[in-house]
Amino acid sequence: MVENMYSATGFSHPNIALIKYWGNRDAKLRIPSNGSISMNLDGLYTRTQVWFDPQLDHDKLFLEGHQVAGTAQKRVSALLDRVRNMAGFALYARIQSHNNFPTGTGIASSASAFAALTVAACCAAGLELSQRDLSRLARTGSGSACRSIPGGFVEWQAGDDDKSSYAFTIAPTSHWELVDCIAVVSQDPKHTSSEDGHVLAESSPLQTTRISDTPGRLEKCRQAIKKRDFDALAEVVELDSNLMHAVIMTSNPPLLYWQPATLAVIQTVKEIRTQGTAVCYTIDAGPNVHVICPKEDTDYISAQLNQIPGVQKVLTTHPGGPARCIIDEDESITSKSSI
Ligand code: DP6
């Protein structure tokens, strides 16, 4: 096996959940309580290099050039253990990862992190997995990462076991020219990780209702995407985001990811819509607000968001493609898509 291995670099985009994943039926395997739908975000990326090295006596993780131990390293090693098992070798790896956007602030950094790690590690180990199996593997590292493996608009079928829980493209990037203007109100790491938040979801009296009502919202979202019906999309996306944050705010102990500027952005989005411009908001587990609009309104929306006190900057992103890897083989570099 060893002579067939390479150092490989994985690239992937984060994604914004239009219908959210919040709560697990099986926390270890990350089998979610409900299905979800997302859009990959071009313009933002994670780049991760994995190099299996016979000299190492443990995995070494470097984030933005700094060596990291603890929980992050354990999560990475757990995913690499699965890859090592599949590939049938026991070498440790050096992992170097870089994001071109703020980490741990509700811009789905764990999604792109584990998607990039998955494709890089599989490429480096010489494993040729289907997109479905890459998505299943990425899911075990971070649930939302399974949605960053395929491209464009993506649905994660909740499934009921490791085999049936994976994500797939429901519409390609070219299908709809939507833009996600991310109003960044904080770049500080969030106080409670999504991983811990998922555990608390069950303690909210609202979670059961949210889950039982999800199939209807998934269908509305699928149809809105299929028909490129922005008003229908806006309605279901805001409802779903509000439902998830209602669960978050009513769990035991209760959490609150919002900051005053988060609410100011929500209010501005509502005002802009009242004045006749198509726009909606959605918020993942953090204070930053994803403001979605048709491409032609990007400059106007972005300018409006930039004027809100507390908004530090606005990141403009478009529907993004799938995760992919580049095999670093001697001096030559071979580009290889994950599909
Ligand atoms: C609010 O995928 O970050 O962004 O599986 O523990 O890594 P882990 O959780 P994660 O949860 C994402 C939660 C969310 C909603 C979503 O992306 O669907």
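Helices here are DSSP runs of H or I with at least four residues, and strands are runs of E with at least two, numbered from the N terminus. The model is predicted: local features need pLDDT of at least 70, side-chain atom pairs count only at pLDDT 80 or more, and totals for chains, interfaces and linings use all residues. Residues are numbered from 1 along each chain as its sequence is written, and side-chain values use heavy atoms, without hydrogens and water.

Start with helix α8, residues 260-274. Its 15 residues reach 21 Å from first to last C-alpha, close to the 21 Å expected. The expected span is 1.5 Å times one less than the number of residues.

Now its faces. A261, T262, V265, I266, T268, V269 and I272 are buried (under 20% relative accessible area; exposed is over 50%, partly exposed in between, with a 1.4 Å probe and protein chains only). They cover an arc of only 165 degrees around the axis, so they sit on the same side of α8. The arc is taken from the directions from the helix axis to the C-beta atoms. On the other side, P260 and T274 are exposed.

The buried residues of α8 pack against β12 (178-184), α7 (230-249), β13 (280-282), β14 (289-294) and α9 (298-306), with contact meaning heavy atoms within 4.5 Å. Just after α8, G276 has a positive phi of about 105 degrees.
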